[in-house]
Amino acid sequence: MKRSFLVLILLLVLGAAWAGSASAQQPTPSDDQVNAIARQLFCPVCQNTPLDVCPTEACHQWRELIRQMLAEGKSEAYIKQYFVDNYGARVLSEPPQVGFNWLIYIVPPVAFLAGVFLLYRAYRTWPRMQKESAPESGSAPAAKDEYVDRLEEELRKRR
Amino acid sequence: MLADFGFGVLVLTFLVALFGIAAGIYGYSKKEGRWVESARRAMLLTFPLVTLGVLSLVFLLVSGHYEIKYVYEVTSSTMPLYLKVTALWGGQAGSLLFWSWLMSAFASAVMLRQWDRDREFLPWVAVVTGATLAFFLSLSLFFENPFARWWQTASGEVGAMFQSAGATPLVPPDGAGLNPLLRHPGMIIHPPMLYLGFVSFVIPFSFAIAALVTGRTDDRWIRITRRWALWAWLFLSCGLVLGMWWAYDVLGWGGYWGWDPVEIAALMPWLVGLPFLHTVMIQEKRGMFKRLNMVLIILTYVMVIFGTFLTRSGVLSSVHAFAESAIGPMFFIFIGFTLIASISLLIHRWEGLKSEVPLESTSLLSREALFLLAAVLFGVIFIVCFSGVVFPLASEAVVNQQITVGPPWYKHIVGPFFAGLLLLMGVTPLSSWTYGTLKMIGRSAWKPAVPALVVPVVLLVTGMRDVVALVGFTLAPFAVCVTLYEFGRGAAARARSQGENLVVALWRLVGRNRRRYGGYIIHIAMVMMALAILGIELFQTTTQRSLATGESIQLNGYTIRYDSLAQFTYTDGRMVTRAVMSVFKDGKFLGELYPRYDLFPDGQPMTIPAIRSTLADDLYIVLVNWENISVLQTPFKVFHNPLVSWLWLGSLVFIFGTLVAAWPDKDPVAVPATMKAGYGTSPAN
Amino acid sequence: MSQNTQPASASRRRPVPLWAQIIVWVGLLALLALIGVSVARSQHKIIGVGSSVPDFNLTLFDRYGYGDRTAVKLSDLHGKVVLVNFWASWCVPCESEAAFLESAWRSYQRSGKVVFLGVDYVDTPAEALSYLAKFGISYPNGPDLQTRISQIFNRSLGVPETYVIDQKGVLRSVQIGPFQSADQIQAVLDPLLAGK
């Protein structure tokens with residue numbers, strides 16, 4: 001009776017210890033892990049300062065918050081979404097791709113196409129060289145070109 | 001008393017500038033040479049006048065007249081003399097006056113040149129420079145007066161020029177002092193350089209407007225302003241690099257460019273001014289691209305004003321921006337007026353801006369075509385930067401949403417276009433005027449390409465797999481090899497034909513073609529900077545840890561051991577916390593580094609990184625002041641930045657290259673003065 | 001005088017095509033409109049006294065609810081004087097006024113005619129709750145999610161700032177910086193309660 005009672009106590013103690021260790025924190029996330037996420041975010045209060053280099057007390061608290069959330073096993077996407085929900089979309093380093101913001105994502109391809117279009121229009125107005133009158137290709141024109149260039153330069157100076 | 005004198009002088013200059021504008025317009029419309037000459041003299045007078053104003057302010061700064069609001073804001077008794085002088089541009093009001101001073105210097109300088117051949121341009125150059133100067137003076141006179149005094153009024157302390165009813169003069173015992181972040185040599189020269197760059201671009205713009213108004217749209221205005229534009233570009237580039245150096249050296253985030261809107265505001269004139277420098281060569285040579293050149297120079301000027309507006313008006317939130325102020329609406333009016341006037345003028349003259357001589361056939365791989373392609377690439381980068389800066393404003397105005405357009409967006413988009421420009425730097429020197437085929441370029445290209453390809457091959461062999469890096473480290477060496485090949489080829493051709501030895505031939509070659517070979521040197525400088533940017537952007541590594549003394553951090557083969565920490569007070573009252581670190585690589589001791597954290601008496605902190613620079617890389621250590629510091633747990637952040645030194649070396653090279661390109665040519669025959677020039681009787685040619 | 005030579009071929013004379021002109025002018029006017037609006041907004045960052053305050057929704061911290069409600073709208077409080085106080089746990093000056101606010105709240109609480117709303121500006125929940133506990137705050141408090149509420153009052157808000165709204169939803173008082181005493185708070189609230 002006494003023995004089984006002792007065994008029970010032992011099992012309870014061991015069980016508590018096991019349960020205790022299971023609920024203990026995972027190793028504290030390192031500064032580098034925190035910074036890896038913080039550098040993708042901007043400080044909500046300071047202006048245009050990334051969160052990993054912001055020196056204020058508030059930013060220190062936010063980095064600790066990230067550390068705590070990482071320790072709880074939250075993913076990077078979750079943490080970023082948390083910051084957006086609490087502090088607004090401006091903490092992200094790029095505008096979220098919703099609604100009005102699509103405008104800024106369209107601008108680069110449109111600008112590129114506009115550039116291509118301008119080039120096309122310009123080339124169209126240039127008369128094209130006829131095949132027969134094409135000069136001999138080779139290194140000779142290159143050297144002559146050099147010399148001609150220099151001659152032209154001298155002539156222009158004497159204008 | 002002196003403040004009143006300074007203010008009075010500025011009022012006078014403002015009136016003189018307005019007179020210059022009026023006289024110029026009147027003289028032009030009535031074809032009265034005397035009035036045009038009067039306008040010229042008025043603009044000539046502005047520089048001595050503004051100088052008097054500036055000297056007054058400098059005297060007030062140096063002698064600690066803290067009853068002047070600006071002097072109070074930017075100086076204090078503990079500041080050394082040289083800092084008090086440079087505090088002239090340390091705050092909004094003073095830097096606006098400084099801007100006006102530089103503008104008047106350039107306006108006066110351009111009025112001093114020989115105008116005999118270009119009398120028609122004179123009135124409009126006076127009008128444009130006068131209008132720009134008058135605008136900036138008006139900001140100083142009516143909104144941001146550097147000579148305003150402190151008054152004690154019923155509602156508190158007020159800064160104003162004149163005494164209002166019931167106000168008594170207030171004389172503070174000491175000043176607030178210049179922000180410690182600004183007391184760095186880079187930060188001292190950076191604003192003057194930038195402003196010089198901005199102001200210099202006003203001159204080519206004024207000639208362009210003169211050309212548009214008078215209809216004299218041949219390349220005369222370009223020849224006149226060719227060197228002005230080159231110097232403008234040099235100053236602007238130096239200003240940008242100094243800003244990068246300061247950010248790297250002082251701000252402690254291990255980088256040099258944050259894609260902050262104010263940084264981009266200074267970059268935008270550079271992005272359109274640089275293609276302008278190239279395409280004007282085409283107009284000189286072949287009379288093409290007249291319209292493009294007009295568009296580019298107008299854009300450059302507008303971006304100068306717009307950039308100044310963004311930085312100062314408080315419209316943008318930025319770490320760099322000045323405090324908010326009432327000058328926003330004035331800028332808005334001036335920008336609106338400038339844009340509407342320039343575009344109207346351009347559209348009016350559009351037909352007349354056709355090419356002079358019938359276009360010879362020009363193929364798609366000719367030098368002209370490649371220059372146009374380069375201009376388009378710059379244009380796209382410019383549009384991307386501009387929209388990135390403006391979009392947050394649009395988001396707030398239209399949908400009331402605050403968003404950030406940050407570095408990732410910019411870097412991913414402009415990267416490929418800069419790569420394209422790198423490629424063009426390699427290909428274009430091999431192209432020739434008018435005609436080009438792939439075969440022709442290929443024939444010239446294979447010789448420099450072979451040594452260039454060694455680099456990516458070596459990288460591949462040593463295990464590099466990053467595609468962007470491989471592409472970048474192929475294009476960059478290619479551009480350098482082509483450029484060096486051009487030097488060699490030209491020198492060899494000359495040596496052969498002139499019978500000189502190679503060294504003399506090279507010297508004379510560069511001497512006779514300063515613009516081209518100076519330009520090639522600048523290209524090499526740009527490639528050096530591109531290499532640095534590739535290195536730091538693609539291969540930077542960083543780590544942060546808290547150490548107790550004796551512990552070490554490892555990063556990229558370096559071991560950094562934390563030896564000790566000291567705290568002491570410096571002579572100017574700041575408390576310095578300084579760590580001693582020993583750096584080892586592969587067991588070998590390389591030296592000691594001293595990262596610091598300064599706390600100024602007014603509470604301003606400054607983190608000063610310790611940097612060990614070599615050609616290959618930088619080791620950059622920051623004492624992290626924003627976590628808790630104690631001897632047991634001192635937080636450090638270490639960066640390894642490959643190739644960063646090439647950024648600073650490259651800037652030295654482009655300074656040299658610009659000097660070569662801009663060096664005045666010796667006239668072989670002195671040009672005799674022709675008949676005395678009155679308006680409307682310029683000599684033929 | 002002019003350097004322009006007449007070209008042999010006039011084929012290159014082309015005025016700017018209409019579609020290009022339209023694009024340029026429309027673009028230019030849009031840009032100027034944007035700049036103009038941005039400048040105007042930057043000149044008026046704080047809501048003006050005497051203007052009607054737009055409605056907003058404040059979700060409240062647990063144990064700092066309004067009665068039994070976990071969120072409260074400004075429109076729910078029509079007919080009462082509302083004092084909106086922006087604070088943050090990382091804000092040192094806020095601490096100096098915390099006691100004054102709480103004691104002022106206690107004196108007005110029973111009348112039911114005044115509501116104090118504490119709005120926690122860009123803060124972390126743990127630190128915020130410990131701040132509230134430290135100063136024994138009992139009036140409703142909640143986070144300014146996505147900074148929407150602060151943007152109504154001041155687009156470049158600093159903390160602490162306090163805004164007092166009368167029974168009709170009109171802004172009557174703005175206090176930038178901490179209150180110096182509970183009397184100062186009373187001096188703002190009493191006239192409004194008396195109907196002035």
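Two strands are taken to pair if DSSP finds at least two bridges between them. The model described here is a predicted one, and by that criterion strand S6 (residues 558-569) of chain B has a partner in strand S5 (residues 552-555) of chain B and another in strand S7 (residues 575-585) of chain B.

**Strand pairing in chain B**

| Strands | Sense | Bridges |
|---|---|---|
| S5(B) and S6(B) | antiparallel | four bridges |
| S6(B) and S7(B) | antiparallel | eleven bridges |

Between S5(B) and S6(B), B:Leu555 has B:Tyr558 of S6(B) as its bridge partner, and the hairpin that these strands form has two residues between the strands.

The hairpin of S6(B) and S7(B) has five residues between the strands, and in its turn B:Gly573 takes a positive phi of about 95 degrees.

**Helices and their packing**

Two packed helices are described by the angle between their axes and the distance between the axes. In chain B, helix H2 (residues 33-62) and helix H5 (residues 92-111) pack at an angle of about 150 degrees, and their axes are 8 Å apart. The contact involves residues of both helices, among them B:Met43, B:Phe47, B:Val50 and B:Leu57 of H2(B), together with B:Leu97, B:Trp101, B:Ala105 and B:Met111 of H5(B). The crossing in which H2(B) passes H5(B) is left-handed.

The buried residues of H1(C) are C:Ile35, C:Ser38, C:Val39 and C:Ser42, and what covers them includes two helices of chain B, namely H11 (328-349) and H12 (367-399).

B:Phe289, which is a residue other than glycine, has a positive phi near 65 degrees, and its place is in the loop between helix H9 (261-286) and helix H10 (290-312) of chain B. Is B:Phe289 buried or exposed? B:Phe289 is buried, because 25 other C-beta atoms lie within 10 Å.

In chain C, the peptide bond that runs from C:Val159 to C:Pro160 is cis, with omega near 0 degrees. C:Pro160 is located in the loop between helix H4 (148-153) and strand S6 (161-165) of chain C.

**Domains**

For chain B, the domain assignment gives domain 1 (1-178) and domain 2 (541-645), and the C-alpha centres of domain 1 and domain 2 of chain B are 44 Å apart. Chain C is likewise divided, into domain 1 (17-46) and domain 2 (57-193), and the centres of these two domains of chain C, taken over C-alpha atoms, are separated by 39 Å.

Definitions and conventions: Residues numbered from 1 in each chain as written. Chains lettered and ligands numbered in written order. Predicted model: local features only at pLDDT ≥ 70, side-chain atom pairs only at ≥ 80, totals over all residues. Buried ≥ 20, exposed ≤ 12 C-beta atoms within 10 Å, placed from the backbone. Contact = placed C-beta atoms within 7 Å. Domains from an automatic or database assignment. Axes fitted to C-alpha atoms, helices over the stretch in contact; angles between N-to-C directions. Left-handed = near helix turned anticlockwise from the far one by under 90°.
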